[in-house]
Amino acid sequence: MQLLTLRKIMTWRRKGNSQFDGEREEGDDDDGGGGRVWLSLVGCLCFALVRPNTVPMENKEILLELLNIEVEIQDVQDQIRALVERQDKLHERKSELSAILEACKESGNEANSVASTTVENWSGPFPWDSEADDVRLNIFGISSYRANQREIINAIMSGRDVLVIMAAGGGKSLCYQLPAVLRDGIALVVSPLLSLIQDQVMGLSALSIPAYMLTSTTSKENEKFIYKALEKGEGELKILYVTPEKISKSKRFMSKLEKCHHAGRLSLISIDEAHCCSQWGHDFRPDYKNLGILKTQFPNVPMIALTATATQRVQNDLIEMLHIPRSVKFVSTVNRPNLFYMVREKSSVGKVVIDEIAEFIEESYPNNESGIVYCFSRKECEQVAKELRERGISADYYHADMDVNAREKVHMRWSNSKLQVIVGTVAFGMGINKPDVRFVIHHSLSKSMETYYQESGRAGRDGLPSECLLYFRPADVPRQSSMVFYENSGLQNLYDIVQYCQSKKQCRRSAFFRHFAEPLQECNGMCDSCAFSNEVKEVDVSGHAKLMVSLLQDMQANDQRSTMLQLVDKMKIKQKELGSELKREEIEQLILHLLLERFLKEEFQHTPYSTNAYITVGPLARQILQGKKSVKLEVYTEQRTKGGIRSAKRCLGSSGLELKLDELRKEVSSFHGGIFPHAVLSTEQISLLSSQKPNSLEQLEKVIGKLKTKKYGNRILELIENYSDSKLPDKQGTDGRAAKRSKTKKTLVLIESSEDEG
Ligand SMILES: Nc1ncnc2c1ncn2[C@@H]1O[C@H](COP(=O)(O)OP(=O)(O)OP(=O)(O)O)[C@@H](O)[C@H]1O
Ligand SMILES: [Mg+2]
């Protein structure tokens, strides 16, 4: 008993003093004199044990009790620390929720002004309404506004500063591009990535809108043209894209901009991907910090800052950093109703996972519809791409370790729909502008809910049904945790997404609402939990949990550590004592459950080559040992249905005419060179054309607007006219791969439009 206590104390002190070997945890403060007291206590006890006869019996007992109390105090302190952390998180969440509730009260969940409490009506009518409608349809080819677009455009047109939080693919670009066309002068757009800027300029040029970019790749000739346009108002320039470095580093550019403003020709300033301003955002860019200068220099020019996600803290940061305290704020829902979310259990055999992914793509997307597969590491990316190719899928990899040209080439092939699947690391990120990505598959889990929302959100930016599939296995968690544990709230963020993956009953969509502190909305059967009524039962595993905790405690006392894998192996042997055996996967699931609940915790050790994650006893473990908490696991009672969006309700088949129109847009885009197929016709327009089958230029104009009708109208009408189901049987399977895959039928789900018919 005495020896055990001493060993326990030694373990505890080793942990407390581990700053010497770099392992000390934040918050593991020494208690000043406590160290000295401890030393003298242990010294006395050692003396008492070695020379039992020289220390009176009652003193020995007092010493032992003192040491026991020290251990208990340390336990209690651990628990307090865990509870305080939890309390902090709850406070943060509480204030976020209160802010949202406040905003809802003020504006009835619509646009609200930051500065004033009176709700302004931005729906109109306004003097520019009909001109705006004309530009929207006839230049942009967009038949109606989506939620908040009209109001945002009106606020900017009224000269106000605006902050826009709108989900990926919500249509933020139109919110500044349309006013840029309507207002006199030049609009300045700051965007963080060259590839994004190139896409935007290309898209606008295809619409005959004079857009240019001033970046490191701009030719001397174009630079001269741009500077002349800024300085003297010569030449046609409507929208100028720059990277933030231009603002912070080029005095020449700023002086030309100054002249442009002085002459009254700076029409608006747009800050795209504005979350990059904030250190609390997910993609902080130091040069974005200096953009506040724009409002200081050009106070009367309306500024619009746009981002897909921003917590309350990031929003406040943006307003402060960009100096737009009186901005009108438009917050749209984070909900992406067209995305079907699902999580699948990932086999521990790599080949099986690839087989499943390949089968999913072949069955659901036989017509080469675009997709992304996200992987954890560069090596994994290359391997997965290779194995998908071996299974007949056109796939290539993309990661940060590649030569820039090679990377760009892969991106372009994919953007032009010449490559079906891009297999990327997180490096394949913000620059993705392809609207018709039909599926995003995660080969391993992301590091947080926020990252998963961003990455999966690259699917279905055109508003059409798309799928987000995550392959999850507990063994992937330590790989991520050993990367993120040193980040601000890195582990907690990771555990949030682990919770998302572990859950077998809860609506996936509701997890996003909770994470982004938004009121719940209907899922409409658009996630696996809601679509398939799985039989899930709860199994009481309190005995196993207790066994696991005491196993770890013994190991710690013996100065041993255990990885998740080793712990599973040990449990497999030990659990025989209980007479009820959990399967390997269930033990892994139990470990995660205990980690999430803080009964266990992860500790990390650095080696020269890697950081290893170990499972140890957590701050609340005592509750398990004392039997104060029962532990339950969710398990399936039957094999989960593998179906995704296709198995959900309300399906319809895609028509041969849609496929013909798809071929046409690809042909036209490669003929014109430099424009993407979706810039010729969007997938939504293809759908409309195939259902409405216009037979005159006038009818066509109503669907795709005058500009596109003028450019491509005759080809489209000719195709529709020639197309007839009897003359041209559905050639869905004419190309080699489609023929191979023709056994399955492509199906789509009808989504209720979130559009604001206008
Ligand atoms: N009112 C609309 N009706 C139909 N399509 C629209 C409408 N507004 C925008 N779109 C289309 O939606 C797609 C996504 O728009 P956009 O690129 O502006 O999204 P975003 O909000 O900037 O997304 P991200 O955060 O990913 O950059 C584009 O193809 C665009 O043409
Ligand atoms: Mg955008």
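**Figure 1. Salt bridge between E380 and R479 in the predicted model.** E380 is buried, with a relative accessible area of 17%, in this predicted model. Its salt-bridge partner is R479, and the closest N and O atoms of the two residues are 3.1 Å apart. The pair connects distant parts of the chain, since E380 belongs to helix α14 (residues 378-390) and R479 to helix α17 (residues 476-484), 99 residues apart. R479 is partly exposed, at a relative accessible area of 29%. Both residues also take part in a network of salt bridges that links K346, E380, R473, D476 and R479.

**Figure 2. Salt bridge between D396 and R413.** The side chains of these two residues meet at 3.2 Å, N to O. D396 is buried, with a relative accessible area of 16%, whereas R413 is partly exposed, at 33%.

**Figure 3. Salt bridge between K666 and D662 within helix α25.** The side chains of K666 and D662 form a salt bridge of 3.4 Å, N to O. The two residues are separated by about one helical turn because they stand four residues apart in helix α25 (residues 656-672). K666 is partly exposed, with a relative accessible area of 26%; D662 counts as buried, at 17% relative accessibility. A search of the whole structure finds 30 salt bridges.

**Figure 4. Packing of helix α12.** Within helix α12 (residues 312-321), the residues V314, Q315, D317, L318 and I319 are buried. These buried residues pack against three strands: β2 (162-165), β7 (303-307) and β8 (328-331). The helix is followed by H323, which has a positive phi, near 60°. In the protein as a whole, 53% of the 758 residues count as buried, and the secondary structure comprises 29 helices and 20 strands.

**Figure 5. Nonpolar surface patch formed by V76, I80 and V84.** Together, the three residues have about 230 Å² of accessible area. V76 lies in helix α3 (residues 57-107) and is partly exposed, with a relative accessible area of 41%. The accessible surface of the protein comes to about 35200 Å², of which 51% belongs to carbon and sulfur atoms.

Figure 6. The protein averages a pLDDT of 82, and 81% of the residues score at least 70. Over residues 8-36, pLDDT stays under 50, and the model has 33 contacts beyond four places in sequence for this segment. Residues 647-653 also stay under 50, with 19 such contacts.

Key. Residues are numbered from 1 along each chain as its sequence is written. Chains are lettered from A and ligands numbered from 1 in the order in which they are written. This is a predicted model: local features need pLDDT of at least 70, side-chain atom pairs count only at pLDDT 80 or more; totals for chains, interfaces and linings use all residues. Side-chain values use heavy atoms; hydrogens and water are left out. pLDDT is the predictor's confidence in each residue, from 0 to 100. Contact means heavy atoms within 4.5 Å. Patches are made of residues with over 30% relative accessible area and no salt bridge: like charges are joined within 9 Å, nonpolar side chains (Val, Leu, Ile, Met, Phe, Trp, Tyr) within 5 Å. Accessible areas come from the Shrake-Rupley method with a 1.4 Å probe; for residues, only the protein chains shown count as cover. A salt bridge is a side-chain nitrogen of Lys or Arg within 4 Å of a carboxyl oxygen of Asp or Glu. Buried means under 20% relative accessible area, exposed over 50%, partly exposed in between (1.4 Å probe, protein chains only).
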